[in-house]
Amino acid sequence: MDFLVPKLSATMESAKVLRWMKQPGDKIRAGEALVELETDKAAMEVESPVDGVLGAIAAAEGADVAIGAKLADIAEAGGASAPAPKPAASAPPPPKAAAPAPAAAPAPPKPAPAPAPSAAAIPPRILASPLARRLARENGVDLAALAAEKSGRIRKADVLAAVGRAGPSAPVPAQRVVPAGPVPEGVEPLSAMRARIAETVTVSRQTIPAFTLDRFVTTEAIARAKAELGPAIERDGGVGLTLTDFFLQALADTLSHNPVMLQRFADAGGRPGAVRDATVDIGLIVAVDGGMMIPVLADLGGRSLAEIGLVRRDATQRVRSGRLVKGDGAPVPIALSNLARGGADRFEAIIGPGQSSVLAVGREHEAVVPRGGQPAVVTGVHLTLSVDHRLIDGVVGATFLGELADRIEFGPWRLD
Amino acid sequence: MQEITYREAILAALQEEMRRDDKILIMGEDIGPSGGPFKTCQGLYEEFGPMRVRDTPIAETGFVGAALGLAITGYRPIAEIMFADFLGVCFDQVVNSIAKHRFMSGGKVKAPLVIRAIGGAGLRFAAQHSQTGESWFLSVPGLTIVCPSSPNEAYGMLRAAIRYDNPVVVFEHKALLSTKGPVDIGGPIPALTGPAMLREGRDATIVASLAMVGRSLAAAELLARDGIAAEVFDIRSLRPMVTGPIVESVKKTNILVAVEEQAQVGGWTAELAAQVTEAAFDYLDAPPARVTLPDHPVPYSPPLEDSVIPSPERIAATVKSLL
Amino acid sequence: MKAKTTKAARAAPGVKPLTDEDRLALFRMMVRIREFEEEVQRSYLEGLVHGTTHLCQGQEAVAAGTGLVFREDDYVGYTYRGHGHCLARGMDEEAAFAELFGRTTGVCGGVGGSMHLTDIDKGLIGAFGIVGGGLPVSVGAGVTAQMNGRGQLSAAFFGDGATNIGAFHESMNIAQVWKLPVLFICENNLYGEFTRINHTTPYEDLIKRARGYEMNAVQVDGNDVEAVYNATAACAARARAGEGPSFIECMTYRHRGHSRTDPAKYRDPKEVEAWLARDPLTLYEAALIKRKLLTKAGAEALIAEERARQRAASERAAAGPWPEVGAVDYETLTFA
């Protein structure tokens, strides 16, 4: 039979043959030491498994042997049945336990100085709390812009200020993160934007006493002006004019002429008050995926069509790619909601908190109106102006709407 | 509800349970005719006799290990450790035998035992007799660790622990022994584990254990005067540490302050901070903060000892610094 | 060193004398333990037993002799060198092998291993790997025995090294003060791990320790299985009668090293040879042959039978299933 190298310890992988205590031809007995092997742990004697005679030695003194390698032949004594060597132990499916690590050297009393990372290795980072980052992401606030004007870590309050739709004194619904309780089956919580819109319109309806004024205006003059002036402006000014741009200019000029419409209701130390803006800022209601946003078109008074077009386009793109700027949170007196390409003849928009009016533009369609006593077919839109009655009465609103209608129907349009 | 002290609440729980089940016995130093050095066992010896109320020699390894032997052979022993600091003496029995015997046996033995350890600072007992010990066994699976912060908790948690079929270490606080509070005697057995919200708020979440709970509630009062509404939790159990309600609170307040009466490194507040950060990362407006003992043993001299224990003022100031 | 048996240890009154059947049973149990340990050794060399294991060849008389005294409802606690005590108590050998091999069919489901064989249904309250760690637990079982009041006892096995650790002293003291029915059975094999007793202990006769606790104590030749039986039976009778604990020092020797990886080169070869010549199995075989209870051929046949039995049990165990990683219910293993 074969006399094999046994596994003498858990960590043993191989051994060295140190010394043969018996020579080929020697009689041997079961349990008698035949050879001394050196393992990773110690020198150990290996005994003969059977009675018999030692045969040829396969691993001489000094040889390195692996577990299970043949050390020598043994001729078993007749009669005594030697136990057949067991089949190799099945490899356990569980992963082998890592060999225990050598004992750690005792810790030095002072920690070794950690090598300072090179300045180049650490990329620049905007410092913002995890909450601030999330709120900025959800509300389209540009953290980089915020970081540019604030030193230290950007926090929730900073982001909310940027997002805030109202002035400091208007009732702003607190930006609350609703604690998540169990959601009833079939109900899906609103997205952050939707939830904010929901809150805003609710507060508006509940706190702003609005009334509406309505006027149908023809848009044929705009169509003519667009055809005449549009190509040149596109070529020279780099922007394609839209209906909105014409409305905006008409609105801006009418506002300049009617400064009472530039007021916003505000709290004067517990009493009703008003703030009057110096510049003509108009909010543009832009539809986005899942909701709407209202970027601010600032200082439109006296601007040319091309300038207005550029501002309008820039704001729309900004919003659609989620990059609001700080100015987009500034309060405005009026917003414009243009649904001329929509399906409703007329609609009443909701005044945003901090604003005092909003102009809704309905579907551009053909209508029959009296002209010089005769019916005429014209193209136009319904304008529906909602105003905050605390500041704007019927006469003021009607006068404003009338002037606006005249500008829209008759121009003139400023090109510079 | 009865208005009784923490000490009386412990005694009430022991009496009730020992009357209910004669397999329950209690062992500890001086707990027999003397009623215990903190009088938590007053009258038990007279009522239940020397077989069930056993005065032990000063030999924590001996009688805590014996508790395991009793528990695996059909009894439900309670071992009172006079000062939680002495858990150092029987640490081997707790960590290597009590926590592991069921596991090593392949789930075949059951070890329903309770170790009650009375610890904590504030009474001028100096460094070796003032530790709460509450975080020492935090990394030992197999143990259940609970911390009653009030008389009602002391009563309820002890009953729950005694009825639980696995080893429980109950950390009691010596500075709370004489404090009074409403206790629901005979009421339903509360959950052994899981936190309790003691004060609702919206501006910060404060989590504390043992005597730090009362101080955190006092801190919340101070903060309220400045218009800051803190939400205060008693963590109640350190193993298992149940963080769900605390995470929901932090999602609401965005601020976490955890308070424990142990040194900061390796304390349960560090574990809580890690778990809350993992679960509520996007809701944190500031890093989680910990208010703890400083990194040296508890000093003896009264002004020194008082200065190292987190005060309501220090807790409130920490909250403010994060807002 | 001469092994001696104190007067108190020899057949005491009130002790049920051994019958011939008992004697043959004692011999068979010693052979069974020897063959089990030899089979464990062979299995270890083939990589079936993992980590390490601690064998008790040479100490079989203690396990067998005491085992015959214990009742079914007695509690027995032992150390990491406890295979012999488990077998003496009737632990199933295949389940024991399977435990050492790490299989789910092991007596502890494969999660305990050689050092933690436990079988509470047979009163085997557990093996503890911390030297002396099991003694307080056995004291606790002794309190149970006292409370139950039906004459149970709690036996704690430990080695000479354990008499130096705090847990031993606390346990002896509590047991004596509370008059618990505990048998502290010390297998004095002269070595605490790799260090001889004279380097760690002020004296070699550990019975002196017991005298410090005013505890009833006996010293026996641990390789004389009948002496072990008689001494243990006498002390057990005292315990059952409520007369308190006893310390039983069994002078013995282990044939192999401390653990499987220890070649035990630290022992004086003359000492080893002298003890090997007093192999408890050889001694008792001769004694039984002298009593005409056994013949040489009969003894050889019995040994061959036990050897085959252990071989078969280990082969069956080696075919046992491995635990499935990811399918182990750790929650239930840890908590009731």
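This is a predicted model: local features need pLDDT of at least 70, side-chain atom pairs count only at pLDDT 80 or more; totals for chains, interfaces and linings use all residues.
## Chain A: confidence and overall make-up

The mean pLDDT of chain A is 81, and 82% of its residues reach 70 or more. Two stretches of chain A call for caution. Over residues 79-108 the pLDDT stays under 50, and the model has 17 contacts for this stretch beyond four places in sequence. Over residues 165-177 of chain A the pLDDT is again below 50, with 32 contacts in the model beyond near neighbours in sequence.

Chain A contains eight helices and 19 strands. Of its 416 residues, 31% are buried.

## Strand pairing in chain A

Four strands of chain A form an open sheet in the order 5-4-2-7, with antiparallel pairing. Strand 5 (43-47) and strand 7 (64-66) of chain A stand at the edges of this sheet and have a single partner strand each, so one side of each is left without a neighbour in the sheet. From one strand to the next, the twist averages 45°. The pairing of strand 2 (residues 14-20) of chain A with strand 7 of chain A is antiparallel and runs over three bridges, and A:S14 stands opposite A:A66 in strand 7 of chain A.

Strand 1 (residues 2-4) of chain A pairs with strand 8 of chain A in the antiparallel sense over three bridges, with A:D2 opposite A:D73 in strand 8 of chain A. Strand 6 (residues 52-57) of chain A also pairs with strand 8 of chain A in the antiparallel sense, here over four bridges, and A:G52 stands opposite A:E76 in strand 8 of chain A.

## Contacts between chains

Between chains C and B, 34 residues of chain C are in contact with 35 residues of chain B. On the side of chain C that touches chain B, strand 2 (124-128), helix 5 (134-148), helix 6 (166-178) and helix 12 (330-334) of chain C each supply at least two residues. Helix 5 of chain C gives the most to this side, with nine residues. Sorted by class, the side of chain C that touches chain B has 19 nonpolar, 14 polar and one charged residues.

The contact between chains B and A takes 10 residues from chain B and 10 residues from chain A. On the side of chain B that touches chain A, the residues divide into four nonpolar, one polar and five charged.

## Helix 5 of chain C

Helix 5 of chain C has 15 residues, and the distance from its first C-alpha to its last is 21 Å, close to the 21 Å expected at 1.5 Å a residue. Of these 15 residues, 12 are buried, so helix 5 of chain C is largely enclosed by the rest of the structure. The buried residues in helix 5 of chain C include C:G134, C:L135, C:P136, C:V137, C:S138 and C:V139, and C:G140, C:A141, C:G142, C:V143, C:T144 and C:A145 are likewise buried. Just after helix 5 of chain C, C:G149 takes a positive phi of about 60°.

## Local backbone features

Cis peptide bonds are found in chains A and B. One joins A:G411 and A:P412, with omega about 0°, and A:P412 is placed in the segment after helix 8 (394-410) of chain A. The peptide bond from B:R239 to B:P240 is also cis, with omega near -5°, and B:P240 lies in the loop between strand 12 (237-239) and helix 8 (244-253) of chain B.

Positive phi values are found in residues other than glycine as well. B:A126 has a phi near 70° and lies in the loop between strand 5 (114-119) and strand 6 (144-146) of chain B; with 14 other C-beta atoms within 10 Å, B:A126 is partly exposed. C:L190 has a phi near 75°, and its place is in the loop between strand 4 (182-188) and strand 5 (191-192) of chain C. C:L190 is partly exposed, with 18 other C-beta atoms within 10 Å; a residue counts as buried if 20 or more such atoms lie within that distance.

How values were computed
Residues are numbered from 1 along each chain as its sequence is written. Chains are lettered from A and ligands numbered from 1 in the order in which they are written. Two residues are in contact if their C-beta atoms, placed from the backbone, lie within 7 Å. Ala, Val, Leu, Ile, Met, Phe, Trp, Tyr, Cys and Pro count as nonpolar, Asp, Glu, Lys and Arg as charged, and the others, Gly among them, as polar. The expected span of a helix is 1.5 Å times one less than its number of residues. Two strands pair if DSSP finds at least two bridges between them. Axes are lines fitted to C-alpha atoms, for helices over the stretch in contact, and angles run from 0 to 180 degrees between N-to-C directions. pLDDT is the predictor's confidence in each residue, from 0 to 100.
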